[in-house]
Structure formats: C-alpha cells, structure tokens
Amino acid sequence: MNKVSFPLIGNYSVPAYYLFSHILDCSIIIPPPITKKTIELGSANSPEFTCTPFKYTLGTYIEALNKGANVLIQFGGGCRYGYYFELQEQILKDLGYEFKLVNLVSKGVTNPKEIYHKLKEINPKLKLDKLLYHTFITAKMIKYMDICDDYIRSNIGFAKDDIMEKINKEMLHKFKSIKGFINLRKTYKKYYKKLKKIKLNKPKNRLKIGIIGELYTIMEPFANYYLEKELASYNIEVKRFTNVHFLLFEKHKKGRKYLKYTKEYNKYKMGADSHDNIARCKYLCKNNYDGIIHIKSAFCTPEIGIMSIINKICKEYNVPIIFFSFDANTSEVGIKTRLEAFYDMIEMRKKSEELLSRN
C-alpha cells in the first residue's frame, strides 16, 4: 500500500491532509513538526549554496521517509525551487531511499489535466468528479484559514493571553475531520465569530509593520524564528500579504497590476515574488506603515535582486526598513536583538511625530 507524504509549510498540512486522504485511497503520513533537526538533515545533504527552502523540504522528506513514506508529493515552483525536485529526488535515492516523487507543479506552471493524471498514478481508481469536489472543499478551507490568519495577525498583539491561537488551533483540529462543504462553512463561521468577539485593547496610535519577502520563509514560522509572534509581543499590528490562497488564486491576476503600480521602479517581472514585493513595499509606504520588514532565505536570488529597489522606495517615503536573511546558521538571539532595536527606533519616531503634530 502506498504511504504518501508532503513538505510542511505553516498550518497548510491540514488542507493537504484532507485532500490527499479523500482522493488517494492510501495512508497519509504527516511529517514531524519542523525542528532544528529538520534543517540539519536538509543542510547536511544539500549543495551549500541552494536556498533554505530546498534544505527545509529535503529535511522534511527525509523525516517522512524515515516514518515509512514511499510516495512524496511536491507542489512548489515559481522560482528555482520549481526545478529542484529532480535534484532532491537524486539526493534521496543516493541516500538509499526507495520511493516515488510526484511533482504537481512543474516550472511554476499548474496544469489541472496533468495533475489529474499524476494523481491517478498513485490511485488508478480516482474519478475526476471526486477530485474536483474535494479540491473545491480544500480551496475553501485554505481561504477560510487565511481569512482567520489575517485577522489574528492584525489583532493578536492586542488580545489577552493566547486566546486567539487556542481558537485557531481548535478550528484547524475540526477542519481535519470535516464532512462536506456545508459542515466546513458552518465550522469556519463559528470560529471566526469567536475570534471577532474577543475584546481588544487596540489604541489608535498603534505601531503598524508590514512584512514582505520570500514566500516559504514568510509562511513557515520556524523558518523565520516565529517573527510574527515576536512582533505581537510588542503590541504591533502586522500586515502580511503572502498566503496560499493568494498564491493559488490571486497572484496571476495581480501580476500586471503590480507592474503598472510600480512602473517607475521596474518594467519587468524579476522572478518569484520579487515584483509583488516591490508593489507591496510601495503600498505600505503610501499607507503610513511605521516600518517594513523584508525577510528571505539565504541565496534567494529574486529577493536579493530587489533589495536595492525597495530600499530606494523606503528612502523616498522616509519609512524604516530592516532586512533579515535566514539559513541554518542564523542566530535566533541576533534576530531578536536586531528586531528589538528596530522596534525601539520606530517607536521613538512615532512618539516624535506625535509631539510635532501637537505643536
């Protein structure tokens, strides 16, 4: 019997598990939570100058294979990572693992017909109507998760204790055993109402920070050392644009709009999320955010390419920006120290601006 696994990123293992458990007729193995051991396994078996997502996903694959998986599914691509699956497959086979790797997104292109045929290789009995139905529910689940995440991200720094995280965790647990779209929608509405009912101590002069950068490092909390949680501890409202719903259903539509919006800075797409982040940087500057954090994995070429552009935008609008690059050797203490200094700086700026406006 096939035992299927996949890379982890944030909480999206929940919809991935739902989809594959309903369409593949096989055992689904969720890899262990990402830890320092994961990145150590990935780094030890990766070329030195590959990007960090390559190392994280390779480490996750190794842990999944060690748990008994014999089919690995990859659904990333849009930059160099879209070409990495062949190299990862060869590395894992050189390590002695026997498995089949199925890449659902090749070279950044999603072809529904091709995906259907690849999934039928795992489950020859898979019917198209069944795939479409459960894919629809999975897409809605992702959308509901991202709506709740956006609300939590903006408000968790102004709520007591960790009540928002508890509600979200409970909702995700319910999503794992959802039965049909109506049940999914009712569950989402129930928990979203719970989130909205939480009392917030949210001042008008609160600090607002926008996070932009490479998608994996932004969406996987362990990869950025739980940066958003750290910001919340400073009572900061956080804005983050990238999530799976955006990547699947909005990114393609907004690409041309972004280029038009930033035509004075870039005329062409620069790969992956880079031109998106130029537009986001401009948006945050024009909408009076107090600071911007740009995060990326080490050796992420598209994000390295735009750093000078977004630095120029921030200088034009006089908005502070800080750059973080993450890899296996990044010091968590160093990250927190720099973040604390950045917070102190934007807080002092905010207070100075308020004093000037009063006078």
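A: Happy to! One term to begin with: buried means under 20% relative accessible area, exposed means over 50%, and partly exposed is in between, using a 1.4 Å probe and protein chains only. This is a predicted model, where local features need pLDDT of at least 70, side-chain atom pairs count only at pLDDT 80 or more, and totals for chains, interfaces and linings use all residues. Residues are numbered from 1 along each chain as its sequence is written, and side-chain values use heavy atoms, with hydrogens and water left out.

Q: Great. Is Asp290 buried or exposed?
A: Asp290 is buried, at 10% relative accessibility. Asp290 sits in the loop between α13 (274-286) and β7 (291-297). Helices (H or I, at least four residues) and strands (E, at least two) are DSSP runs, numbered from the N terminus.

Q: And what does the side chain of Asp290 reach at 2.8 Å?
A: The backbone nitrogen of Lys208. The Asp290 side chain also makes a polar contact with the side chain of Lys350, at 3.2 Å. A polar contact is a pair of N or O atoms within 3.5 Å; within protein, one must be able to donate a hydrogen and the other to accept it, and residues adjacent in sequence count only if both atoms are side-chain atoms.

Q: Which residues is Asp290 in contact with, leaving aside neighbours within four places in sequence?
A: Arg206, Leu207, Lys208, Val319, Pro320, Ile346 and Lys350. Contact means heavy atoms within 4.5 Å.

Q: What about Ser297, where does that lie?
A: Ser297 lies in strand β7, and it is buried at 1% relative accessibility. Leaving aside neighbours within four places in sequence, its contacts include Cys51, Thr52, Glu214 and Phe326.

Q: Switching to α4: which of its residues are buried?
A: In helix α4 (residues 85-94), they are Phe85, Gln88, Ile91 and Leu92. These four lie on the same side of α4, because they cover an arc of only 125 degrees around the axis. That arc is taken from the directions from the helix axis to the C-beta atoms.

Q: Why would residues three or four places apart point the same way?
A: Because an α-helix has 3.6 residues a turn.

Q: OK, and what is on the other side of α4?
A: Glu86 and Asp94 are there, and they are exposed. The buried residues of α4 are covered by elements including α3 (52-66), β3 (71-74) and β4 (100-103).

Q: Which loop holds Asn318?
A: Asn318 is in the loop between α14 (301-317) and β8 (321-326), and it is exposed at 53% relative accessibility. Its phi is near 60 degrees, a positive value in a residue other than glycine. Most residues other than glycine have a negative phi. Asn235 has a positive phi too, of about 60 degrees, although it is not a glycine.

Q: Last one: where is Lys351?
A: Lys351 lies in helix α15 (residues 332-358), and it is partly exposed, with a relative accessible area of 48%. The C-alpha atoms of Lys351 and Asn205 are separated by 9.3 Å, though these residues are 146 residues apart along the chain.
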